[in-house]
Amino acid sequence: MNYYVNEDIKNTVRVFPEQGRYGYLRYDMNENPEGLPKDFVDAVLREITPEFLSVYPEPDRFLHKYASFIHAGFDNVLATNGSDMGIRYLLETFGERGKEVLTAAPTFEMYGVNCSILGLKHVSVSYEDDLSIKVDHIVNAITEDTRVVVLVNPNNPVGNVYTEDEFQLIAARAKEKGAIVVVDEAYHYFYPNTFLEYALREENVIVLRTFSKLFSLAACRIGVMVSNPRIIQYIKNARLTFDVNAVALLFAEHILDRPELVAELIDAEKEGRAYIRDELEKNGYECRPCEGNYILVKPNLPARKAARILKEQKKILVHTFSNELLKEYLRISTGSVKAMRIFLEAFLEIDRSDDR
């Protein structure tokens, strides 16, 4: 049977996340290993009645709260079905078929995937062998054909951040060439610096945030886009009528109503990340400093072997890399000191240098 298939979609290569992760201790996808406090979750769940589930979602109440939370206006914010969907909307709206989207490499893979799906040319600036990135290389890569420049800050998986001077250089060049600048701040709160003021002030800057990381709602799928009202309106034109589901909106609203909970989540992860780095370094491991809720560590065993043993013997999941620069590292999601002690005990037990 002959039928039409979009060639860009047909030729896109996808690698989807591993399934069957329930029942494991999950340190592999930068989720909160423990999640939100059970009493908080139980209280929100009591509000999910049959009537609640029968009504289409209404995001505006959440968006008013979120705008107040970040000291912005209602017309500066838009909720999306995770920042994944926000990325798709942005590239659909501001990408031009055959023109360029510029990122660092490696970075969050969905930028490259969406470029492939949409027929956009993905241009990447590679990290140096020491895992630094030369900002002048990013600036010089912005051309008349560049439509979107993406800065993941902090960048997953490398964990670096951009200074304000570096950002200003990149943003100025992008503006000169007529390109949009997307600052993906999925790991904000683990790293407090932000370029939010530029998104609110400049005509071509957009900030993405997510509730999947610190706020521990990865299952619910909710992200937020912040920019000037004109850009937000363009994205609204592209979005689905009912994008973010009502359960996600309800949980997100209650999180915003609990600033003390946000502070507790920040403090717990900060303490846990410092603890695991200190303990691993005390045991002679090389750890790369990362500004997100994860660390990179070089095991004594080959990285893939260490990950396999952790999964099979300890029911613990960690992340490995095929990228040449990172193939010797494990990426470990960080959480509370309690969560990191569980990981550390298992890791030290399996990672014996005499088993290489």
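User: How do the residues of the lining of the largest cavity divide into nonpolar, polar and charged?
Analyst: This is a predicted model. The lining of its largest cavity has 4 nonpolar, 2 polar and 3 charged residues.

User: Which residues line it, then?
Analyst: The lining of the largest cavity is made of Glu185, Ala186, His188, Tyr189, Arg209, Thr210, Lys213, Leu214 and Phe215.

User: And how much space lies in the largest cavity?
Analyst: About 40 Å³. The count of cavities of 30 Å³ or more is 1.

User: OK, rings now. How many aromatic pairs does the structure hold?
Analyst: There are 17 aromatic pairs. Take Tyr187 and Tyr294: their ring centres are 5.4 Å apart and their planes stand at 75 degrees, over the 60 needed, so this pair is edge-to-face.

User: Where do Tyr187 and Tyr294 lie?
Analyst: Tyr187 is in the loop between β6 and α9, while Tyr294 is in strand β10, so the pair ties together parts 107 residues apart in sequence.

User: Is Tyr187 buried or exposed?
Analyst: Buried, at a relative accessible area of 4%. Tyr294 is buried as well, at 0%.

User: What about Phe343 and Phe347?
Analyst: Their ring centres are 5.4 Å apart with planes at 15 degrees, so that pair is stacked. Both residues lie in helix α14, 4 residues apart, about one turn of the helix.

User: Last one: which charged end sits over the ring of Tyr198?
Analyst: That of Arg201, 4.7 Å from the ring centre. Lys315 lies over the face of Tyr24, 4.0 Å from the ring centre.

Methods:
Residues are numbered from 1 along each chain as its sequence is written. This is a predicted model: local features need pLDDT of at least 70, side-chain atom pairs count only at pLDDT 80 or more; totals for chains, interfaces and linings use all residues. Side-chain values use heavy atoms; hydrogens and water are left out. On a 1 Å grid over the protein atoms alone, a cavity is a set of points where a 1.4 Å probe fits but cannot get out, and a pocket is an open set with protein on both sides within 12 Å along at least five of seven lines; lining residues have an atom within 4 Å of a point. Grid points are joined across faces, edges and corners, and a volume is the space filled by probe spheres set on the points. Ala, Val, Leu, Ile, Met, Phe, Trp, Tyr, Cys and Pro count as nonpolar, Asp, Glu, Lys and Arg as charged, and the others, Gly among them, as polar. Rings of Phe, Tyr and Trp (its six-membered ring) pair if their centres lie within 6.5 Å; planes under 30 degrees apart count as stacked, over 60 as edge-to-face and the rest as tilted. Helices (H or I, at least four residues) and strands (E, at least two) are DSSP runs, numbered from the N terminus. Buried means under 20% relative accessible area, exposed over 50%, partly exposed in between (1.4 Å probe, protein chains only). A charge sits over a ring if NZ of Lys or CZ of Arg is within 6 Å of the ring centre and within 35 degrees of the ring normal.
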